[in-house]
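This report describes one protein chain, going from its overall make-up to a few local features.

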Amino acid sequence: DTMKYVTWYFAVTTLYFTNVLASNVSWTFTCFDKGYDVTSDSSTLTEKCIAKGVDEDQAKANAFCHRPNNTLADNSFTHIGCGKCPEGENVNVTSCLSCPAWNATSGSDNSNCNEWKPPIFSFSCYQGGVPVKCSNGSLIKNIHCWGPKSRYSGNNPNLTRSGCGTCEELITITQMMAGNWTTVQRAILTIVMGLRQ
């Protein structure tokens, strides 16, 4: 029994020290842990991260940052920070993106590889009295619908039709699609005057 106990003791001790020594080398790096607030704050913050391994090369290979996938519309995953993408119900290879904080090819520090980018959302606008799906856009720049002001009493079809985007974008598209600048200028003037009513 004593021999079994000694054998068990050395096995447990060996396993313990093997696990401890297997991650005794650390490498420090940084990741973004905050994104730009879509309404006011344009700053970004970083946090100190630590990766471990049996040696420095393995510690660097274990260093990752993660962020939301900003190309996925209506993404419910919003966390940003150190490490690979966390596990969770709303986390998958589509909603979250991981990036290595160490570039093994160039042998250089790749900290802060997870720079936050504005999320995009799906939205719709009325066009000709019918709701239509618009191209996905960010809250900062792209989510707009255009149409006449409530006081407008004219019947210009180019104005009353309404649609996705802004009035300025509508004018630009009109310019690009038409070849007769006199006609284009007249149409633009009509629309602008309608908006001012």
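The chain has five helices and 13 strands. The model is a predicted one. Of its 197 residues, 26% count as buried. Among contacts between residues at least 6 apart in sequence, 47% join residues at least 24 apart.

**Disulfides**

The chain has six disulfides. With the bonded cysteines numbered in sequence order, the pairing reads 1-3, 2-4, 5-6, 7-8, 9-11, 10-12.

| Disulfide | S-S distance | Torsion about the S-S bond |
|---|---|---|
| Cys 31 and Cys 65 | 1.9 Å | about -80° |
| Cys 85 and Cys 96 | 2.0 Å | about -90° |
| Cys 99 and Cys 113 | 2.0 Å | 85° |

The disulfide of Cys 31 and Cys 65 is left-handed, because the torsion about its S-S bond is about -80°. Cys 31 belongs to strand β1 (residues 25-32) and Cys 65 to strand β3 (residues 64-68), so this pair ties together parts that are 34 residues apart in sequence. Cys 31 is buried, at 0% relative accessibility. Cys 65 is buried too, with a relative accessible area of 0%.

The link between Cys 85 and Cys 96 has a torsion of about -90° about its S-S bond, so it is left-handed. Cys 85 lies in the loop between β4 (81-82) and β5 (96-100), whereas Cys 96 is in strand β5 itself; the pair therefore ties together parts that are eleven residues apart in sequence. Are these two cysteines buried or partly exposed? Cys 85 has 24% relative accessibility and counts as partly exposed, while Cys 96, at 3%, counts as buried.

The disulfide of Cys 99 and Cys 113 is right-handed, with 85° about the S-S bond. Cys 99 is in strand β5 and Cys 113 in the loop between β7 and β8, so the pair ties together parts that are 14 residues apart in sequence. Cys 99 counts as buried at 14% relative accessibility, because buried means under 20%. Cys 113 has a relative accessible area of 22% and is partly exposed.

Strand β5 thus takes part in two of these links, through Cys 96 and through Cys 99.

**Ser 111 and its contacts**

The loop between β7 (108-109) and β8 (120-121) also holds Ser 111. What does Ser 111 touch, leaving aside residues up to four places away in sequence? Its contacts are Phe 29, Thr 30 and Ala 101. With Thr 30 there is a polar contact: the side chain of Ser 111 reaches the backbone nitrogen of Thr 30 at 3.2 Å. The C-alpha atoms of Ser 111 and Lys 48 are separated by 9.8 Å, although these residues are 63 apart along the chain.

**The β9-β10 hairpin**

Strand β9 (residues 124-127) pairs with strand β10 (residues 130-133) in the antiparallel sense, over four bridges. Within this pairing, Ser 124 stands opposite Lys 133 in β10. The two strands form a hairpin with two residues between them. One of the turn residues, Gly 128, has a positive phi of about 65°.

Notes: Residues are numbered from 1 along each chain as its sequence is written. This is a predicted model: local features need pLDDT of at least 70, side-chain atom pairs count only at pLDDT 80 or more; totals for chains, interfaces and linings use all residues. Side-chain values use heavy atoms; hydrogens and water are left out. Buried means under 20% relative accessible area, exposed over 50%, partly exposed in between (1.4 Å probe, protein chains only). Contact means heavy atoms within 4.5 Å. Two strands pair if DSSP finds at least two bridges between them. A polar contact is a pair of N or O atoms within 3.5 Å; within protein, one must be able to donate a hydrogen and the other to accept it, and residues adjacent in sequence count only if both atoms are side-chain atoms. A disulfide is a pair of cysteine sulfur atoms within 2.5 Å.
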